[in-house]
Every structure is written in C-alpha cells, then in structure tokens.
Amino acid sequence: MIDRLTSMAVFIRAADTGSFAATGKGLGMTAQMVGKHVRALEDRLGATLLQRSTRRQSLTEAGRLFYDRCRAVLVEVESAELVMEAIGATPQGRLRISAPVGFGACRLAPILTGFMARHPAITVELNLTDRFVDLVDEGYDAVLRLGPIANTSLVARELSPHKQLACAAPSYLASRGTPETPADLISHTCLGFTNASGLPYLNWVFSKGGVPHPIRIQSHLQVNDGRVLAQIAAAGGGIVLQPEAVLREHLDAGRLLPVLTGYDAPFRPLLLLFNGGRAPAPKLRAFIDHIAAALPARSRRDA
C-alpha cells in the first residue's frame with residue numbers, strides 16, 4: 001500500500017523539478033515509481049494534479065492548490081518529528097553528507113569514524129564528488145565544500161582552511177634542482193590537477209609578506225585525483241601542489257619533500273553548508289558540533 005505522506009512528498013518534488021526522472025534520481029526511486037505515487041494521489045482526489053508532456057510536467061489549477069496544502073502539511077509533520085526526536089537523548093537516523101573526493105578520503109574519513117563511534121544510532125551516507133552538489137534538490141543534510149562560494153541561502157559554517165603544499169621527491173630534486181622562487185617552476189616539471197568541470201588548475205598563486213607571486217605552470221599531465229598526483233610525484237614524476245592531508249603519508253615517509261618553504265602556498269576555505277530554515281535535527285546538530293571541533297576555524301565565523 002502506498003503511503004500518502006510519501007506520495008505527497010514525491011508530488012512536491014515532481015512539481016519542483018518538472019521531471020519524474022529528476023525526481024526519481026533525487027529520491028532514489030525509478031521514474032515509474034514517481035508516476036505511481038502521483039497517480040495514486042490523483043485517483044484518491046479524483047483530479048489531475050500534473051499536466052504531463054513528453055519533456056516536462058506542470059501543475060494544473062487543482063495541482064497548485066493541492067501543492068500548497070501538501071507543503072504545509074509536510075512542514076508540520078517534519079516539525080512534529082523534530083520535536084519528538086529532540087525529546088530523545090540519542091541523535092538517530094540517516095545522515096546524508098557530500099564532500100570533495102580528496103578531502104573526504106584523506107581528512108574526513110577518520111573524523112567520521114570517531115563520529116559514528118560516538119553516535120552509533122546515526123547511519124551515515126557519504127557521497128564523495130568534486131562536482132557542485134545542490135543540497136536541497138539532491139536531499140543532503142550537509143555538504144562540505146571548498147570555497148569561496150557564491151551567495152547562498154544556506155548556513156555556511158567556516159572550518160579550518162584547506163592548506164596546500166608544493167612538494168617533490170628527493171630523487172627529482174637531486175636531478176632537477178630545488179626551486180627557490182615560484183618563478184623557478186617554469187623550468188620544472190609540474191603536475192596539474194583537473195577540477196570537476198574538466199579544466200586544469202594551472203595558476204598557482206604563492207605569497208610572501210602578503211604579496212602574491214602567481215605563476216602559470218606548464219603541465220604535460222593533468223589528473224582529477226590529488227592522491228594519484230601525490231603517487232606520481234613520490235615516484236619522481238615532478239612537483240605537485242596538493243592539500244597537506246593528501247600529501248601527509250608521503251611526507252611522513254620521506255617520499256616527498258616540501259619546496260618553496262619561504263612562501264605561503266595557496267589555500268582554500270573549507271565550509272560546511274546546511275539548511276538554516278529551522279533548528280537542525282539532533283543528528284545534524286551532532287555532526288556540526290563534531291566536525292567543527294575536529295576542524296576548528298582560525299576565527300569563529302558563520303556566513
């Protein structure tokens with residue numbers, strides 16, 4: 001038997017996205033199941049809610065009226081559930097999180113291990129991707145994102161910055177020499193990172209005494225995973241610029257050595273994004289507190 005509240009939630013998402021396929025993808029169900037939920041409501045009400053075409057669905061007049069009432073009902077249901085959840089002493093339920101690939105694998109994984117040990121009633125679903133993730137449309141509770149970011153209606157909690165280091169293998173430095181300034185990188189083999197859009201990150205901006213020293217590297221190799229670049233650099237393949245967390249294992253083992261230590265390497269702010277429309281559920285509040293303690297910002301600021 002189809003749950004009426006679930007059908008109402010599916011109907012709202014279908015109206016917002018204008019597509020059964022997009023709705024199904026966001027909710028983890030097939031487009032056919034989305035259609036089944038909508039039809040169940042229409043059969044129960046005896047009215048057509050969505051006008052369907054081959055490309056898009058749009059609300060009928062009855063659908064617009066029902067949409068507003070459904071949204072109000074679901075907000076009240078969610079509020080009631082949050083109240084009941086807050087009564088309990090233990091945060092619980094599924095927590096959906098998205099984070100960048102390199103950060104998630106090298107920095108977030110051990111933090112999550114501690115979080116889950118502390119909150120065994122919470123189930124974590126972690127999706128690692130370097131693409132832009134829409135927290136609301138894709139149904140995430142929280143998103144970790146490397147900034148800066150555009151203006152957003154979400155709460156952006158600042159965490160410790162994502163520091164980077166320029167490094168190379170001892171064998172590479174012995175054969176090619178050690179760069180003394182960012183400008184020296186022009187004559188070196190540098191390893192380029194390719195971002196989620198497929199564009200190579202070739203502009204490395206170092207600074208010294210507050211003065212920027214930008215350099216555009218010449219890279220014959222671009223990879224979209226910093227861990228792979230670290231492996232190549234450790235094997236003597238060139239100079240790599242990656243977050244310290246990605247390089248740490250090779251640095252500790254002596255397979256990589258920092259270069260340009262007289263300059264500040266680029267860094268990016270790390271932000272935790274979540275919906276600030278209402279008080280966070282206990283499971284999300286627990287995660288916010290845990291990761292803020294594990295990755296404290298240099299100054300406590302919420303955007």
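**Exercise 1.** In this predicted model, find which residues of the largest nonpolar core touch the most other members, and which helix gives the most to this core.

*Solution.* Begin with the membership: the largest nonpolar core holds 24 residues, and those that touch the most other members are Leu108, Phe115, Leu144, Leu159, Leu272, Phe287 and Ile291. Next, assign the core to elements: at least two residues each come from strands E3 (93-99), E4 (122-128), E5 (142-146) and E16 (270-274), and from helices H5 (101-118) and H9 (282-294). H9 gives the most, with 6 residues. Finally, take Leu272, whose contacts beyond four places in sequence include Leu144, Leu159, Phe287 and Ile291, as well as Arg157.

**Exercise 2.** Decide whether His162 is buried or exposed, and list what His162 is in contact with, leaving aside neighbours within four places in sequence.

*Solution.* First locate His162 in strand E7, which covers residues 162-168. Its relative accessible area is 7%, and because buried means under 20%, His162 counts as buried. With neighbours within four places in sequence left aside, its contacts are Phe103, Leu146, Pro243, Pro266, Phe267 and Arg268.

**Exercise 3.** Describe how helices H1 and H2 cross and which residues meet there.

*Solution.* The axes of H1 (residues 4-17) and H2 (residues 20-27) come within 8 Å and cross at roughly 125 degrees, so the two helices are oblique to each other. The crossing is right-handed. From H1, Val10, Arg13, Ala14 and Thr17 meet Phe20, Ala22, Thr23, Gly26 and Leu27 of H2; by class, these residues divide into 5 nonpolar, 3 polar and 1 charged.

Key:
Residues are numbered from 1 along each chain as its sequence is written. This is a predicted model: local features need pLDDT of at least 70, side-chain atom pairs count only at pLDDT 80 or more; totals for chains, interfaces and linings use all residues. Side-chain values use heavy atoms; hydrogens and water are left out. Axes are lines fitted to C-alpha atoms, for helices over the stretch in contact, and angles run from 0 to 180 degrees between N-to-C directions. Helices (H or I, at least four residues) and strands (E, at least two) are DSSP runs, numbered from the N terminus. Angles under 35 degrees count as roughly parallel, over 145 as roughly antiparallel, 65 to 115 as roughly perpendicular and the rest as oblique. A crossing is left-handed if the near helix is turned anticlockwise from the far one by less than a right angle, and right-handed if clockwise. Contact means heavy atoms within 4.5 Å. Ala, Val, Leu, Ile, Met, Phe, Trp, Tyr, Cys and Pro count as nonpolar, Asp, Glu, Lys and Arg as charged, and the others, Gly among them, as polar. Buried means under 20% relative accessible area, exposed over 50%, partly exposed in between (1.4 Å probe, protein chains only). A nonpolar core is a set of buried Ala, Val, Leu, Ile, Met, Phe, Trp, Tyr and Cys residues joined through side-chain atoms within 4.5 Å.
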